[in-house]
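Visitor: I'd like to learn how to read a few features of a model. Could you walk me through them?

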Amino acid sequence: MELSTELVAPLEAGWQRALAPEADRFDTVREALTHRRSAGEQVLPAPDLVLRAFRQPFADVRVLILGQDPYPTPGHAIGMSFAVDPHVRPLPRSLRNIFTELEADAGIPPSPHGDLTAWAGQGVLLLNRVLTVAAGAPGSHRGIGWEQITAAALQALVDRGTPLVSLLWGADARKMEPLLDQGSHTAVITSPHPSPLSARRGFFGSRPFSRANQALEELGAAPVDWRLGPTSPAD
């Protein structure tokens, strides 16, 4: 069963099974997006990228970085929270703040590009609560059904019973803490959002990367190498 015509390629098999109960919800969201596009709205990211996060192996996810919704700037959103295409310049300010904290926390110099594929390749799921947005209108697709789909995805991760460390950045993400903090195989690290409006209210100094690795080791999992390298793997 295909979950959504937003896909160019099918979901990874583990995600396909995990999200199959949400098929009706996917249909509702698809209808809403079709209506918005037919009315002239520019929906971001591109259709083939909307569910990109669910193409990495479900069984391999060990760290979740949960954001709010995609970048509303055309050309920025690529279906992974906080990440951008490797050629995007300048980098979004939230991402620059993430790199600033990464350097302060782990001594890793800021990356010249914003493609976080190297993190995803190590089992870091870069997911937003809402997976689409209207260009220029942050938060514009709240309430069309994505929140229920992503909550189901998070519950499925917890239900695996394998190590999962969740980094919840911002108020929307922190609402999911009760769902994600369930048992001895999970750990949750929260902070304000890395946006320019809130980064200095507690994101800076929160040390999410070293704390995530410490939590992984305490759960019996390998740490993440947070280095991205001078160029993207996609280059």
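Visitor: How do the residues lining the largest pocket divide into nonpolar, polar and charged?

Guide: Ala, Val, Leu, Ile, Met, Phe, Trp, Tyr, Cys and Pro count as nonpolar, Asp, Glu, Lys and Arg as charged, and the others, Gly among them, as polar. Here the lining has eight nonpolar, nine polar and three charged residues. This is a predicted model, where local features need pLDDT of at least 70, side-chain atom pairs count only at pLDDT 80 or more, and totals for chains, interfaces and linings use all residues. Residues are numbered from 1 along each chain as its sequence is written, and side-chain values use heavy atoms, leaving out hydrogens and water.

Visitor: Which residues lie nearest the centre of that pocket?

Guide: Tyr-71, Pro-72, Ser-94, His-193 and Ser-195, out of 20 lining residues.

Visitor: What about helix α5: how far apart are its end C-alpha atoms?

Guide: The expected span of a helix is 1.5 Å times one less than its number of residues. For the 14 residues of α5 (residues 146-159) that gives 20 Å, and the end C-alpha atoms are 20 Å apart, so the two agree.

Visitor: How many residues of α5 are buried?

Guide: Buried means under 20% relative accessible area, exposed over 50%, partly exposed in between (1.4 Å probe, protein chains only). In α5, 11 of the 14 residues are buried, including Trp-146, Leu-154 and Val-158.

Visitor: And Ser-166, buried or exposed?

Guide: Ser-166, in strand β5 (residues 164-169), counts as buried because its relative accessibility is 0%.

How values were computed
Helix = DSSP H or I, 4+ residues; strand = E, 2+ residues; numbered from the N terminus. 1 Å grid on protein atoms, 1.4 Å probe; cavity = no way out; pocket = protein on both sides within 12 Å on 5 of 7 lines; lining within 4 Å.
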